[in-house]
Amino acid sequence: MARTGSTRRRRRLGRWLRRLVLYPLLALGLAGIAMAVWVEATRFRAGEPMEGPLVLTGMTALVGPELEPLSGVTVLVRDGRVADVGTRVDIQLPEGATVLDLAGHTVMPGLIDSHVHLAAPSGSGVGAIALSVVEWLRDAGPRRAAYLEHGVTSVRSMGDDPGWILALRQKVADGELAGPRIFAAGPVFTTPGGHPVVTLGGSTDDPGVRVPATADEARSMVRELTTADQPVDVIKVIHDRGDPRYRSLDPIPVPVLQAIVDEAHAHGTPVVAHWGTVPDLEELLAAGVDGLDHLEPRGVAQGWEEDLLARVVADGPTLAPTFAVVEPVLDPSMLGTLQGRLAEFVEAGGRAVAGSDAPMNGVEFGAGLVRELELLVDAGMTPRQALVAATSTAADLMGTEEAGVLQEGRPADLLVVRGDPLSDISAVRDVALVLRDGTPVVDNRP
């Protein structure tokens, strides 16, 4: 009897151990395996590159830096690049070429989103942060796919974990992963009392920020980033005094800011600045930055100060207003005011570029840039000016000939839409075909 009772106790203990330990561990292991399989399945790997020449014919083509429309054009693509642009009569079709008749369509260079954060949380809270970890693990696969689906074939990362984004840039360039061509800033330059250290609760030890205390330290940091085996494509500085009504911030000391710009330029690397107030803008112009990102109410909403607009235009930095990211949070009248400031900038001869700032404020990847183009047109830019802002001007800022222009010798990163986007910017929403390096990656044709 005693032995039987002891056996029963051992069996009960075993059952409880299985319920409390073994089964949960088994379930956790299976969940981990399922997660790993799902992450791998959604990494959006690249397919095989297209073999043989590809011919697009019968459509209108927007060629050159100014997107000059040419009707009845044939575009020959060979080995991932545009080999020829002309009429069907002028171009001899190679034997075995794949020919696509695109009558009624418009072909243009793929769009460039000049302000993105590929690994940033979309929203706030634990759920959004958890999702950003998943995006980090799967190399932002769905986000890369969304860009291509909207005809965005290049993006400019303006603040992502440097190791992650530079590795992702290489994976896309090597053809391991599909997605837009990536130009990356890597870490952002700021101060211990600046954005995002103060505003987002970050740390000065975060790999995504650099906080040089002296000009010499700034030069060393920039030199390290621009001469590494995987150098950054652009340097981003955050020079922002904040809003005294809510929270004041510390901008970068002027000698440090100047050292950053000078060292970056010594290595042929552009510098783009996040700014907020007129004093920020004046100091950035004096330092010689190449681009200004954002146009906010605390800046020039009350109007451009005397001679400031002329100075901005004369000094030549591009301006990415990123209206798409403020549209969800601004009163429509204030948004209209800011659009008026952009119109004055463009009318004076300033160069705009298009950036969405996705995923901030819930802005969607790909769709956010399309919305930005519509907001630029609403501000008074012509559809062609808006498209130039999302193509050749953006490429020119980056000093690259690998994006932004449809012409012989350039990569065949092309967007084909139904209709005429020069007369109606919303035509860019009707994507028929997208090529990356000459390979169709999106095909919505019947």
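Ser157 has Ala184 in strand E8 as its bridge partner, and 4 bridges join strand E7 (residues 152–157) to E8, the two running parallel. This is a predicted model, in which local features need pLDDT of at least 70 and side-chain atom pairs count only at pLDDT 80 or more, while totals for chains, interfaces and linings use all residues. Residues are numbered from 1 along each chain as its sequence is written, and side-chain values use heavy atoms, with hydrogens and water left out.

**The sheet**
- An open sheet of 3 strands has the order E6-E7-E8 with parallel pairing, where strands (E, at least two residues) and helices (H or I, at least four) are DSSP runs numbered from the N terminus, and two strands pair if DSSP finds at least two bridges between them.
- Strand E6 (111–116) and strand E8 (181–184) stand at the edges, each with a single partner strand, so one side of each lacks a neighbour in the sheet.
- Helix H3 (residues 141–149) packs on the sheet and touches E6 and E7, contact meaning heavy atoms within 4.5 Å.

**The helix pair**
- The axes of helix H5 (residues 215–226) and helix H6 (residues 254–266) come within 8 Å and cross at roughly 30°, with axes fitted to C-alpha atoms, for helices over the stretch in contact, and angles running from 0 to 180 degrees between N-to-C directions.
- H5 and H6 are therefore roughly parallel to each other, a term for angles under 35 degrees.
- Ala215, Ala218, Arg219, Val222 and Arg223 in H5 meet Pro255, Val256, Ala259, Ile260, Glu263 and Ala264 in H6.

Definitions and conventions. Parallel < 35°, antiparallel > 145°, perpendicular 65-115°, else oblique.
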